[in-house]
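Please open the model in your viewer and keep the selection panel at hand.

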2 protein chains.
Amino acid sequence: MILVDGKRTNRISALDRGLAYGDGVFRTMRAERGVVACWRRHYQKLCSDCGRLGIEAPAEPVFAHDIAILVENRPDCVVKLIVTRGEGGRGYAVPQPTVPVRVAASFPAPSGETSLFRCGAAVRWCITRLGTQPALAGVKHLNRLENVLARQEWSGSEFVEGLMLDQDGNVVGGTMSNLFLLERGGLVTPPIDRAGVAGVQRDRVLEIARRIAVPCDIEAVTPERVMAADQVYLTNSVRGLWWVSSLAVRRWRRNDLTAEFARLLRQADDD
Amino acid sequence: MILVDGKRTNRISALDRGLAYGDGVFRTMRAERGVVACWRRHYQKLCSDCGRLGIEAPAEPVFAHDIAILVENRPDCVVKLIVTRGEGGRGYAVPQPTVPVRVAASFPAPSGETSLFRCGAAVRWCITRLGTQPALAGVKHLNRLENVLARQEWSGSEFVEGLMLDQDGNVVGGTMSNLFLLERGGLVTPPIDRAGVAGVQRDRVLEIARRIAVPCDIEAVTPERVMAADQVYLTNSVRGLWWVSSLAVRRWRRNDLTAEFARLLRQADDD
C-alpha cells in the first residue's frame, strides 16, 4: 500500500524535487503486530535529517496517521517513509514557498531472520567506495547511487550484505547497515562524519553498550581490523542486529555476547 | 508540457528508483525554433551516463519523438530529459528485469541572456563543497543534493552562479556550469574525475580551442588561480558560454577573445 500525502495513490508529481535531485530523506522501519519499533527515534531522525537539508518536516501526527493506515492493512511489514522538498520547476534553487511531499509505503517483512541469527550472514567486500562528503554524511537522504552501485556488484542470495570503504580505505559499514566490531569484549564502530548513514540502531547499540558497561569506541576501522575482530555485527532497523559468519577467507562462529546484544536491541525502548 | 514514457502526464510511479535513490540521469538542453542544439552529443552523453550506472538507455528515436512533441508545443524552450532505472520494490538491489522510465519536459527559455553577455555575471563562492566520488564524477546523475545545498546559500538575482570547491579546496565549477579560465591567451579547466559534471559544452569548448589552436589544459584550479585569471568563463547547455564580471573583490571587463568563444560555441556543430 502506498500513500502520497495521506492519499491512497501510487503516483507522485514528475516535477517533484525528490526525483529531480534526490532532494529529500527517507526512513525504513519494521512494524510488528501493528507497531513500528522505535518510532519516536525514527521521527526525530527524520526531523534532524530534514533539518540538514533545510526541509520542514511534516508533523509527527501526520506520519502516525499514515502509518496507522498502513499497519491496519498489513500489521507485520516494513514501513518506508519518504519526505521530499516537494514540487519544483527547473534548476537547483528552491522555489519559495515549497510544500514538502511525503510518501508512506508498506512492504512485506523479510523472511529468513531466524536462520540469519542462527547461522550468521555471509558478507563480501564491495569495490565501490563511499564518497567523502561531510555536508551530507550521516543523513539518510535520497542520494543513494553509491549504495546502488555497490549492491550491483553481486546478485543471488549467497551474500546478505557488502561492506563499503571510504575514499581513504577505511570501512564505513554495509550498503544498508551500520558496522560494529567486537574486540576483546568491547565494541568499535566507524565514525559517520565524512560518509555513510548514522542509523537509529547504531545509536541504540551505542546507548545499550553504555548501559551495560561494555566499552564502545567510535574509531577508524581498517579492513584488516574487521578481519581480526572477535565478531562482526551489522545493524539496521529492518533486521535489528545480526552477525557476520564469513567475509572473504575469514570465518566466525557466534560469540556468547551476540545473543545478548540482539536481545537488548529487540527490546522496545522509547515507545 | 511533461511526457512520461511518451504519454502526456505529470505523474510518475511513487516506487520509481529515480525518486527512491536518485537512480537515473538527466540532460538539460536548449531548443530554439524547434531544434535542440547539439542533440546528438546530448544523446551520446545520456547513453554514456546511463552506461556508468548500468541502465539501458532508451533508443534515440524514442527521445527524438518526445522532443518533437515538446517543441511543436513550445519551439523556444529548455528541454529536460530524465532517464531512471524504473520502478523497483524496496532495497538497493536492482530487480530483474527493470524497465527504464523516461521523463521529457519543456520549460520556458531563460531571459536576460543578452545582458548576461554584455555585462557579464556576478558570481560568488559557495561554502558547500563537492564530495569526492570518482565512481560517479562526470556523470549527470540524479544525486544532486550538493548542488541544491550550494544553491541554497544565496537567493535573489544578485548572483547568477556560485563556484564550488572540492574536498581538497580546488575549484571544480559552478553549481550548474563548467569553468574555464583564460590565462595569457590560453584556457584552463579543472579535471572532472573526482567530482563535478562533465558537460557537453565543456567538451565543445575543449574541441573548439583545439580547432582554433588556443592552448587548453585540464589542470587543478585553486581559488587564487581563478582570482588571477584574465577572464573566467562558465558554460552550460542552457546559456552557452558567459563571462564572470565579479567574484568577491575581483572585477573583470570583457576580454576580446570572449565574443569569439561565445560565437563559436553558438555555432551548430554536429546536427
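Two strands are said to pair if DSSP finds at least two bridges between them; strands (E, at least two residues) and helices (H or I, at least four) are DSSP runs, numbered from the N terminus. What you see is a predicted model, in which local features need pLDDT of at least 70 and side-chain atom pairs count only at pLDDT 80 or more, while totals for chains, interfaces and linings use all residues. Residues are numbered from 1 along each chain as its sequence is written, and chains are lettered from A, with ligands numbered from 1, in the order in which they are written.

The model as a whole has an ipTM of 0.96 and a pTM of 0.96.

**The sheet**

Select residues 77–84 and 101–108 of chain A, which are strands β6 and β7, paired in the antiparallel sense over 8 bridges; here A:C77 stands opposite A:P108 of β7(A). Widening the selection brings in an open, antiparallel sheet of 6 strands in chain A, in the order β2-β1-β7-β6-β4-β5. Its edge strands are β2 (7–8) and β5 (35–36) of chain A, each of which pairs on one side only.

**The helices**

Next, show α2 (residues 39–53) of chain A, which packs on the sheet by touching β4 (24–32), β5 and β6 of chain A, its direction making about 175 degrees with that of β4(A). Contact here requires C-beta atoms, placed from the backbone, to lie within 7 Å, and the angles, from 0 to 180 degrees, are taken between N-to-C directions of axes fitted to C-alpha atoms, for helices over the stretch in contact.

**Between the chains**

Now display chain B: 47 residues of chain A are in contact with 47 residues of chain B. On the chain A side, α5(A) gives the largest share, 6 residues. Select residues 11–13 in chain B to find its strand β3, which runs antiparallel to β3(A) and is joined to it by 3 bridges; A:R11 stands opposite B:S13 there.

**A last stop**

Finish at A:V79, which touches A:M29, A:A31, A:V36, A:I67, A:L70, A:A104 and A:S106, leaving aside residues up to four places away in sequence.

Conventions
Contact = placed C-beta atoms within 7 Å.
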